[in-house]
Amino acid sequence: MWYSPNNMKSNSNTKLILLHPSLPKQTLQSPPLPSHHRLWLLFFLTFFTLVFTLTLITTTISSPSTTSTTTTSPISTTSPLPPSVTKALLHYAAIPNTTAPKPMSPNELNAITTALLQTPHPNFLIFGLTHESLLWHALNHHGRTVFLDENEYTVAKFENSNPGIEAYDVQFTTKVSDHTKLLSYAKSQSKEDCKPVQNLLFSECKLGINDLPNHIYQIPWDVILVDGPRGYSPAAPGRMSAIFTAAVLARSKRTYTGGKTVTHVFVHDFWREVESVFSNEFLCEENLVEKVDLLAHFVVQSEEAEKEKSSKEFCRNSSSLLASSSSKEPRRWDFGESVK
């Protein structure tokens with residue numbers, strides 16, 4: 001066959017195009033990244049690696065401390081002592097005994113503490129805010145403690161400084177200088193306004209305290225301490241009303257839950273005339289179970305326990321209670337031993 005030169009040229013050109021092998025391979029390959037893009041990629045990889053490493057180290061270090069905090073937190077938040085006890089300890093540790101006016105002796109503290117511990121969850125009524133007030137509240141942290149004081153400002157300050165304290169102010173209208181007249185009046189009214197068993201909220205007796213909150217007269221008091229109001233001068237209110245009121249509360253005690261029918265009544269500064277005379281008249285000598293230093297301890301039976309006996313008089317010339325008390329003397333609480 002004859003080929004023209006033109007045909008040879010065309011065939012030759014065509015052959016060169018068809019046999020070129022590199023063109024398809026080049027189209028499948030990605031163009032190389034510019035150098036500055038590679039640097040940015042390396043930077044981000046390094047940055048995220050450092051962040052991950054630091055996070056891992058921080059988590060590892062904080063885990064033991066968190067575990068330690070979780071383990072020890074119950075110890076720090078749980079105290080073996082009630083808050084009232086802790087506060088009382090701090091109070092007496094910060095104030096020297098020499099700064100307190102006439103603090104109670106250890107023997108007097110022992111006697112009152114013994115009576116408190118004889119009754120589960122006792123109701124404790126206290127006339128007077130004194131150096132020992134926080135101690136009484138702390139010792140009776142399982143029971144109810146109520147304070148009565150003549151000074152409204154002192155009561156408000158005491159309650160604000162000690163949340164949870166129950167205290168009320170009392171307006172006393174008596175004077176120490178009038179104690180003889182008041183005693184004669186009470187004796188003449190012993191079967192009327194000043195009788196031993198009555199609701200003091202409605203009492204017309206001049207010695208009865210009738211302006212307290214209503215619930216105070218309904219509580220069956222197990223222990224009553226008369227350590228106020230002031231009684232060291234003729235113009236002072238004296239403790240005539242406090243002693244008479246304590247006697248009526250003890251004799252009128254009602255125990256709806258089957259509690260004890262006796263009330264322990266303590267009178268401090270028993271050496272003074274007013275305290276001695278009025279205690280013997282209304283708390284009765286036959287109910288006196290012990291005298292410790294300046295403190296007198298009476299155990300008064302409620303009228304509920306002596307329904308067969310007349311309630312026309314405070315005292316009965318009977319030695320039965322004295323005899324039973326002497327034969328069954330309770331174990332004295334050793335206050336000094338308890339704080340060692």
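Me: What is the mean pLDDT of the chain?
Reply: pLDDT is the predictor's confidence in each residue, from 0 to 100. Where pLDDT is low, the predicted coordinates should not be read in detail. Here the chain mean is 77, and 62% of the residues reach 70 or more. Residues 8-12 fall below 50, with one contact (heavy atoms within 4.5 Å) beyond near neighbours in sequence. Residues 16-20 are also below 50, with zero contacts of that kind.

Me: How do α8 and α10 cross?
Reply: Two packed helices are described by the angle between their axes and the distance between the axes. Helices (H or I, at least four residues) and strands (E, at least two) are DSSP runs, numbered from the N terminus. Axes are lines fitted to C-alpha atoms, for helices over the stretch in contact; angles run from 0 to 180 degrees between N-to-C directions. The axes of α8 (179-188) and α10 (273-284) come within 11 Å and cross at roughly 5°. The pair is therefore roughly parallel (under 35 degrees). Residues making the contact include Leu 183 and Ala 186 of α8, and Val 277 and Phe 278 of α10.

Me: Which residues of α10 are buried?
Reply: Buried means under 20% relative accessible area, exposed over 50%, partly exposed in between (1.4 Å probe, protein chains only). In α10 the buried residues are Val 274, Glu 275, Phe 278, Ser 279, Phe 282, Leu 283 and Cys 284. They span an arc of only 165° around the axis, so they sit on the same side of α10. That arc is taken from the directions from the helix axis to the C-beta atoms. Their cover includes α8, α9 (240-251), β5 (262-268), β6 (288-292) and β7 (295-301).

Me: Which residues other than glycine have positive phi?
Reply: Among them are His 121, with phi near 50°, and Cys 284, with phi near 80°. His 121 is in the loop between α5 (106-118) and β1 (123-127), and is exposed at 57%. Cys 284 lies in α10 and is buried at 0%.

Me: Is Asp 222 buried or exposed?
Reply: Asp 222 is buried, at 8% relative accessible area. Asp 222 lies in the loop between α8 and β4 (223-226). Its contacts beyond four places in sequence include His 121, Lys 253 and His 264.

Conventions
Residues numbered from 1 in each chain as written. Predicted model: local features only at pLDDT ≥ 70, side-chain atom pairs only at ≥ 80, totals over all residues. Heavy atoms only, no water. Parallel < 35°, antiparallel > 145°, perpendicular 65-115°, else oblique.
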